[in-house]
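Thanks for coming. I will go through one structure, a few places at a time, and leave the confidence scores for the end.

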Amino acid sequence: MLLSKLKKLTTLQEILIGIIHNEPSFSNFTTKKNYRASIIWDKNQEEEEERKYANILRQCVATSKLDNAKAIHAKLLKTAGSTSSLYIQNHLLNAYVKCGDTGNGLKLFDEMTQRNVVSWTALIAGFVQKGFATEAFSLFTRMHRSGTNPNEFTFVSALHACSFEDRLNLTNAYQVYGLITRLGFESNVYLVNAFLTTLIRHSRLDEALKVFEQCSNKDIVTWNAMLGGCMQFCCSEVPRLWYRMIREGVLPDNFSFASVLTGLAELFDLDLGVQVHAQLVNSGHGSEMCVGNSLVDMYLKNRSLGEGFKAFKEIHFKDVCSWTQMAAGCLNCDKPIEALRVIGEMRRAGVMPNKFTLATAFSACANTASFKEGEKVHGLRIKLGDDIDVCVDNALLDMYAKCGCMDGAFMVFQSMDEHSTVSWTTMIMGYAQNGYPRKALEIFNQMREERAEPNYITFICVISACSQGGLIDEGWKYFTSMSDDYGILPGEDHYACMVNLLGRAGRIREAEELILSMPFQPGFLVWQTLLGTAQLHGDMETAKRATERALQVNKVDPSIYVLLSNTFAGSQNWDGVGTVRELMQSRDVKKFPGSSWL
């Protein structure tokens, strides 16, 4: 009878109540001595249960299982009503907000009859973690007004809120730091680091440096914060800070190495980069992926492809960023075939490409006019489906255009959900370069009809299309439209295209007059273009004048000498050819050898 009743009871308190009320034979429990013992036992048992629930709620936070936390809350409401201890309520509050249910977390907080600094801190930290920085800072303000003093964890969350939200200006961060100083936490390095991070995220590097200098107990996080800030806003300071860090005996960690190597990559400082690489080998951080990627980037930015490959091979676990960076480095070092080889090796390693990998692959195919390889990469792009943005499709357009397949380019263009200015410009350029000037102008007119905004490059392609087709009237119309309709002032590239258009049509004098009417000093390009058209039509006088002007700007470019020599040769003036060659020898100007893909 007793055992069956006890099985239905869930807590020690219920057991005691059942025993006292239902079993007279246990009346000795009502004696004063045994009653006190039972209360102590009861209290210990409740504390044990609280610890059990607290551990379960911690697991809910660690695994983001909100439903489990809600089930615990429901059970506590059923068994204890609203009388759960503050300790358990704080754990429940933390579980709600850290699992993403900030609404119910705030509701629980407002219903709590007692709150301490842990309650406020759990709520504020949860709101910051879930991206509600403004609301978190409002809670911090409310906490301050309630008379509850923040602790170091509260302050860290408040400063993080100021870091993550643009609407919270730097004044809010300084107010928090003022309160930190007033409460005697100014020497707490964790709070100094959080304040440094806030200043840097608000682009206040100079103010961050002052705080950094005033900090007497810097740790590795302090140094890393400043390295990251210098890397972001003032790369030239990275070497000085690194030297100082090493001189003061601070041991760099993986973040330190990644930051300094990234900064040195931007500075193209290969010498210091090699020194840091040596320190990296001794530190044991060299095989870590984030550090390895930064090291590879440093070598690639300095066009040291061989060393970049060596560093790449040292990375034990390579992700898609590692492979894509290596392929892009090959491309930037004028090795597009090597870039395609790296991407092929990546696929064989079972790493799925992302949109940046595809853009790199398309650019490599475009640079080698490798149509078959481009089609294979296009198949990968189709497999990725919607996980692609317009930049990748623009690279695909460029690949088809440079491989001479405008039907393929047009098919891709038609399938795109959106067209950027680059998309339109690439199509115009493709049609112009592949001998379809009228089609290029049709695309441009369609672009204007759809109210897409052409840019500086778009008009270069449009006027170049007019030049390819000998469309002088259209060329003048678009050249004038640039400034009149779009407020884009023609640059030297546009003038060079117009000179080419007029010169190829035999209107050499008009082309020269256009150059002389330019609102800025004509550069090398326009005189070179005029020389080329003068050579085409055998106009020796204009060719000489264009050569003289071009050499005033640049005396070492071999193209001018070659064009003038060819002009003399075209008119059977071999003495002139010899004079040009002697001039090249006296000025140590060397003609670049020709090359072919065949």
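This is a predicted model. I start with a pair of helices. Helix H14, residues 238–247, packs with helix H16, residues 270–283, at an angle of about 35°. The axes of H14 and H16 are 12 Å apart, and their crossing is left-handed.

Which residues of H14 and H16 meet? From H14 there are Pro239, Trp242, Tyr243 and Ile246. From H16 there are Leu272, Gln275, Val276 and Gln279. By class, that contact of H14 with H16 has six nonpolar residues, two polar ones and no charged ones.

Next, the cysteines. How many disulfides does the count come to? Zero, with a disulfide taken as a pair of cysteine sulfur atoms within 2.5 Å. Take cysteine 461: the nearest cysteine sulfur belongs to cysteine 497 and is 8.3 Å away, and cysteine 461 is in no disulfide. Cysteine 461 has a relative accessible area of 9%, so it counts as buried. Cysteine 466 is in no disulfide either; its nearest cysteine sulfur is also that of cysteine 497, at 9.5 Å. Is cysteine 466 buried or exposed? It is buried, because its relative accessibility is 0%.

Now two single residues. Histidine 73 lies in helix H4, residues 66–80. With a relative accessible area of 15%, histidine 73 is buried, because the cut-off for buried is under 20%. Leaving aside residues up to four places away in sequence, histidine 73 touches Leu92, Tyr96 and Leu108.

Lysine 372 sits in helix H22, residues 371–384. Its relative accessible area is 67%, so lysine 372 is exposed, the cut-off being over 50%. How far apart are lysine 372 and cysteine 403 in sequence and in space? They are 31 residues apart in sequence, and 9.7 Å apart in space from C-alpha to C-alpha.

Last, confidence. The protein averages a pLDDT of 85, and 85% of the residues score at least 70. Where is confidence lowest, and where is it highest? The lowest is in helix H1, residues 2–7, with a mean of 32. The highest is in helix H25, residues 421–433, at 96. Over residues 1–41 the pLDDT stays under 50. For that stretch the model has 21 contacts beyond four places in sequence.

That is the end of my part.

Notes:
Residues numbered from 1 in each chain as written. Predicted model: local features only at pLDDT ≥ 70, side-chain atom pairs only at ≥ 80, totals over all residues. Heavy atoms only, no water. pLDDT = per-residue confidence, 0-100. Helix = DSSP H or I, 4+ residues; strand = E, 2+ residues; numbered from the N terminus. Contact = heavy atoms within 4.5 Å. Axes fitted to C-alpha atoms, helices over the stretch in contact; angles between N-to-C directions. Left-handed = near helix turned anticlockwise from the far one by under 90°. Nonpolar A, V, L, I, M, F, W, Y, C, P; charged D, E, K, R; others polar. Buried < 20%, exposed > 50% of the residue type's maximum accessible area, 1.4 Å probe, protein only.
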